[in-house]
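Visitor: I have a structure open and want to learn how to read its features. Where do we start?

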Amino acid sequence: MVNAMEPRYHVPTRQHLTKVCVPRLYAQTKAHVKASLGNAERVALTCDGWTSRTTEAYVTITAHFINEEWELVTYVLQTRDMPESHTGHNLAEHLRKALAEWEITEKDPVIVTDNASNMTIAAEEAAFTLHVKCYAHTLNLAAQRALKITAVARLLGRVRRIVNFFRRSTTANHMLKEKQRLLQLPEHKLMTDVVTRWNSAQDMLERFLEQQPAICAALLSSEVRKTEKNLCTLTESDVTTAEEAVSALKPMKEATQYMSKEKTPTLSVIAPLQETLINGLKPIEGESAVIKEMKAAMSGDLQKRYIDLKATLHACSAMDPRFKSLPFLTENQRQEVYDGLIAEAQDQPMPSELSLWSVVEEGTGNGSADDEGMASEEETVDDGVRFKEGESSQGQHPPPRNPKPSCPLAALLGGER
């Protein structure tokens with residue numbers, strides 16, 4: 001076809017594309033990424049190992065930093081195969097080579113990984129100044145603890161058996177669709193859970209409860225009975241347990257979805273969200289034994305996490321306008337966090353002779369045309385830098401206004417200021 005359109009044009013061969021074009025494009029892109037990384041003051045890395053469908057092991061490393069325009073920039077630095085054992089020592093060597101290759105060793109990089117022990121060892125051997133465990137993965141581990149409770153595990157087994165039956169039987173699947181239309185239910189497919197897929201167990205139970213009338217009607221039909229006689233739907237007690245499990249896991253799912261954002265740094269959310277979840281997982285009078293047991297399992301798992309990182313997490317929350325009142329800390333703890341931030345800031349040189357105080361003074365009360373713009377900016381930054389009349393900025397930092405004793409999960413995830 002190409003020859004008929006233009007006989008003088010030679011179609012590139014597969015070898016030319018793979019050996020010349022793609023490597024050339026990669027070299028150009030790598031040079032651009034290196035130049036961008038070179039302008040960054042600090043770099044944060046994320047690292048994770050995974051296995052392809054052809055059972056080949058890979059390790060992916062991404063880099064995140066703030067550029068000169070105060071924009072969050074993210075690059076996937078590399079995805080390399082790693083056939084050797086994924087021990088902490090081998091991963092540390094892999095990380096050191098990546099830091100040297102991308103010339104970011106001197107950027108004092110920090111790293112975020114999952115909670116696997118080999119990743120912890122790798123971060124220690126590679127001498128990262130800060131290693132943060134992925135909070136979304138932490139939430140998933142806590143949820144998995146709750147799913148291992150005997151009553152919940154038995155329920156999941158029964159639901160999984162029914163779901164798999166409808167997924168492999170064409171007759172049952174066809175009958176389910178007919179019952180959905182007859183009962184005017186959403187024509188959704190049943191879902192099954194996967195251990196490595198976050199919130200999949202809750203999604204499976206929610207979908208099962210949504211389609212329960214159609215499932216019962218399909219299983220009781222004569223066409224399905226011919227193919228499977230011993231399969232029964234859930235009992236009333238099982239349905240109650242499923243509803244309780246979905247209710248208990250709902251806050252964990254909401255928190256996981258919020259922590260999975262890609263465009264916004266979420267480290268400042270960990271401390272308030274952790275405290276909110278732990279308080280919300282306290283037993284309430286009148287709750288069933290299943291909910292109490294699930295809450296106890298999740299709360300116990302969450303409480304043992306991030307013990308060594310509390311100071312860093314509290315500092316991050318204090319610098320976030322949404323959480324700077326630190327309502328989850330006592331007054332003494334709040335003052336200790338602010339004193340630490342002030343001491344650290346005083347040790348750092350100002351980026352220019354124009355200080356924060358002069359910026360605030362110039363932008364307020366001068367009657368200029370820029371007042372409106374400064375007011376909108378002040379709404380974002382808030383006015384925690386103001387002092388009472390006669391109080392010096394050299395003295396003790398005043399606590400933020402209107403500290404709130406508690407912050408519900410919905411309000412917290414909604415970005416309450």
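Guide: Start with a charge. This is a predicted model. Asp114 is buried yet has no salt bridge.

Visitor: Which side chain of opposite charge is nearest to Asp114, and how far away is it?

Guide: Lys133, at 8.0 Å. A salt bridge needs the nitrogen and the carboxyl oxygen within 4 Å.

Visitor: Where is Asp114 placed?

Guide: In the loop between β4 (110-113) and α4 (117-125). Look at the backbone too. A polar atom of the Asp114 side chain lies 3.1 Å from the backbone nitrogen of Ala116.

Visitor: How many salt bridges does the model have?

Guide: The count comes to 18. For each pair, check the closest N and O atoms. Then ask which parts the pair ties together. Take Glu101 and Arg80: their closest N and O atoms are 2.9 Å apart. Glu101 sits in helix α3 (residues 88-101) and Arg80 in strand β3, so this pair ties together parts 21 residues apart in sequence.

Visitor: Which parts does the salt bridge of Arg160 and Asp193 tie together?

Guide: The closest N and O atoms of Arg160 and Asp193 are 2.8 Å apart. Arg160 lies in helix α6 (residues 150-168), and Asp193 in the loop between α7 (170-182) and α8 (200-210), so the bridged parts are 33 residues apart in sequence. Arg160 is partly exposed at 29%. Asp193, at 17%, counts as buried.

Visitor: Now strands. How do β2 and β3 pair?

Guide: In a regular strand, side chains alternate between the two faces of the sheet. Here β2 (residues 57-66) and β3 (residues 72-81) pair in the antiparallel sense over 9 bridges. The hairpin has 5 residues between the strands, and Trp70 takes a positive phi near 60 degrees.

Visitor: Which residues form the nonpolar patch on the surface?

Guide: Ile66, Trp70 and Leu72, with about 360 Å² of accessible area together. Ile66 belongs to β2. Ile66 is partly exposed, at 40% relative accessibility.

Conventions
Residues are numbered from 1 along each chain as its sequence is written. This is a predicted model: local features need pLDDT of at least 70, side-chain atom pairs count only at pLDDT 80 or more; totals for chains, interfaces and linings use all residues. Side-chain values use heavy atoms; hydrogens and water are left out. Patches are made of residues with over 30% relative accessible area and no salt bridge: like charges are joined within 9 Å, nonpolar side chains (Val, Leu, Ile, Met, Phe, Trp, Tyr) within 5 Å. Accessible areas come from the Shrake-Rupley method with a 1.4 Å probe; for residues, only the protein chains shown count as cover. Helices (H or I, at least four residues) and strands (E, at least two) are DSSP runs, numbered from the N terminus. Buried means under 20% relative accessible area, exposed over 50%, partly exposed in between (1.4 Å probe, protein chains only). Two strands pair if DSSP finds at least two bridges between them. Lys and Arg count as positive and Asp and Glu as negative; His and the chain ends are not counted. A polar contact is a pair of N or O atoms within 3.5 Å; within protein, one must be able to donate a hydrogen and the other to accept it, and residues adjacent in sequence count only if both atoms are side-chain atoms.
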